Amino acid sequence: MRLQGKVAIVTGGGGGIGRATSSLFASEGAKVVVSDINEESASATVRLIKEAGGEALCVPANMVIPEEVEQLINKTVDAYGGIDILFNNAGVGNEEVRLADISVEEWDRVVDINLKGVFLGMKYALKKMEERGGGAIINTSSVLGHKGKKYVGPYNASKGGVVLLTQNAALEYGGKNIRVNAVAPGVIDTDIIQGWKDDERKWPIISRANALRRIGQPEEVAKVVLFLASDDASFVTGSTIFADGGGMIF
Ligand SMILES: NC(=O)c1ccc[n+]([C@@H]2O[C@H](COP(=O)([O-])OP(=O)(O)OC[C@H]3O[C@@H](n4cnc5c(N)ncnc54)[C@H](O)[C@@H]3O)[C@@H](O)[C@H]2O)c1
């Protein structure tokens, strides 16, 4: 078991990648705090983990609200005594229109969840990890944090920001034995891509736009996150690992 006795928080833990990763963490021996703005879906993840014999707790939080994020961290420490792993994964796509047609509200919504949410998760977890003597943080970026795509301006900007914020935190906290990395998924079969799937004209192209010529499964991202969370990645920090079927090189 690669995470025996570790305490892990997964944000967006009711969604596709968050659920797969929560389940994998638990099967590797971690106590998992499953968090999501959607309490119902986070509770369903906890149920699945418990049915499989794992340990998990549901703590709903909106990652955009500082008080809720602080409470998530404090409740984790109260329940399990500390935090070893934070998977900062909650995220949303944007309404796909050209930049000048994106409302300011839509810009704020997407950048707040995808980037400020990652900042807030780290802001409150880092101090607890420092007190514990170390930890591992994995932030979710995207291929679209590295490569521009039409009609996804706020998403592009927020996911690119996650990469540099990850490097910043890795530099500032490496001396405290805290590793900070990012995972950059390509097109993965979860609810967030439903709009693309529904587009009969574009989907045949989007779904094969990588070297492996298929979309990925959430479990294929979860395995990369597990690597980054575990001691197998003991000398890996400030990195972004792509789980994209070669989407970046396509
Ligand atoms: N699926 C893909 O193709 C893909 C590709 C690259 C990156 N990603 C990223 O992976 C992460 C997980 O997405 P997914 O694919 O599992 O999609 P998903 O929609 O299944 O999961 C996202 C989860 O985040 C939660 N969430 C949204 N806003 C929140 C908030 N304010 N506070 C807390 N939780 C919130 C949602 O309720 C949902 O459960 C996201 O950051 C996404 O941008 C996904």
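**Asn94 and its surroundings**

I started with Asn94 and skipped residues up to four places away in sequence; it touches Glu106, Arg109, Val110, Tyr151, Val152, Gly153, Pro154 and Tyr155. A reminder to myself: this is a predicted model. Asn94 sits in the loop between strand S4 (85–88) and H4. Is Asn94 buried or exposed? I get 10% relative accessibility for Asn94, so it goes down as buried, the cut-off being under 20%. I also checked what its side chain is doing: the side chain of Asn94 reaches the backbone nitrogen of Tyr155 at 3.2 Å.

**Ligand shell**

Tyr155 turned up again when I went to the ligand. There are 28 residues around the ligand, and Asp36, Tyr155, Lys159, Ile188 and Thr190 come nearest. I sorted the shell by residue type and got 13 nonpolar, 12 polar and 3 charged.

Next I went through some polar pairs. Which side chain has an N or O atom 2.8 Å from an oxygen atom of the ligand? That one is Lys159. A ligand oxygen also lies 2.8 Å from a polar backbone atom of Ile17. For a nitrogen atom of the ligand, I found an N or O atom in the side chain of Asn62 at 2.9 Å.

How much of the ligand does the protein cover? The ligand has 820 Å² of accessible area on its own, and the protein covers 91% of that. I then asked which elements give two or more residues to the shell, and they are helix H1 (16–27) and helix H5 (153–173).

**Ser142**

Lys159 came back when I looked up Ser142. Leaving aside neighbours within four places in sequence, Ser142 is in contact with Tyr155, Lys159, Val183, Ala184 and Pro185. Ser142 is in the loop between strand S5 (135–140) and H5. Its relative accessibility is 7%, so I count Ser142 as buried. Its side chain reaches the backbone nitrogen of Leu144 at 2.9 Å.

**Ala184**

Ala184 was on the Ser142 list, so I followed it up. Ala184 belongs to strand S6. At 0% relative accessibility, Ala184 is buried. With neighbours within four places left out, I see Ala184 in contact with Ser141, Ser142, Val143 and His146, and also with Thr240, Ile241, Phe242, Ala243 and Asp244. I checked one of those pairs along the chain: Ala184 and Asp244 are 60 residues apart, yet their C-alpha atoms are separated by 7.2 Å.

**Nonpolar cores**

Last stop was the packing. The largest nonpolar core has 26 residues, and Ile9, Leu72, Met122, Ile137 and Val180 touch the most other members. Which elements supply at least two residues of this core? I noted strand S1 (7–11), helix H3 (66–80), helix H4 (104–132), H5 and strand S6 (178–185). H4 gives the most, with 7 residues.

Conventions
Residues numbered from 1 in each chain as written. Predicted model: local features only at pLDDT ≥ 70, side-chain atom pairs only at ≥ 80, totals over all residues. Heavy atoms only, no water. Near = heavy atom within 4 Å. Polar contact = N/O pair within 3.5 Å; in protein donor to acceptor, adjacent residues only side chain to side chain. Areas by Shrake-Rupley, 256 points an atom, 1.4 Å probe, with all protein chains shown as cover. Helix = DSSP H or I, 4+ residues; strand = E, 2+ residues; numbered from the N terminus. Nonpolar A, V, L, I, M, F, W, Y, C, P; charged D, E, K, R; others polar. Core = buried A, V, L, I, M, F, W, Y, C linked by side-chain atoms within 4.5 Å. Buried < 20%, exposed > 50% of the residue type's maximum accessible area, 1.4 Å probe, protein only. Contact = heavy atoms within 4.5 Å.
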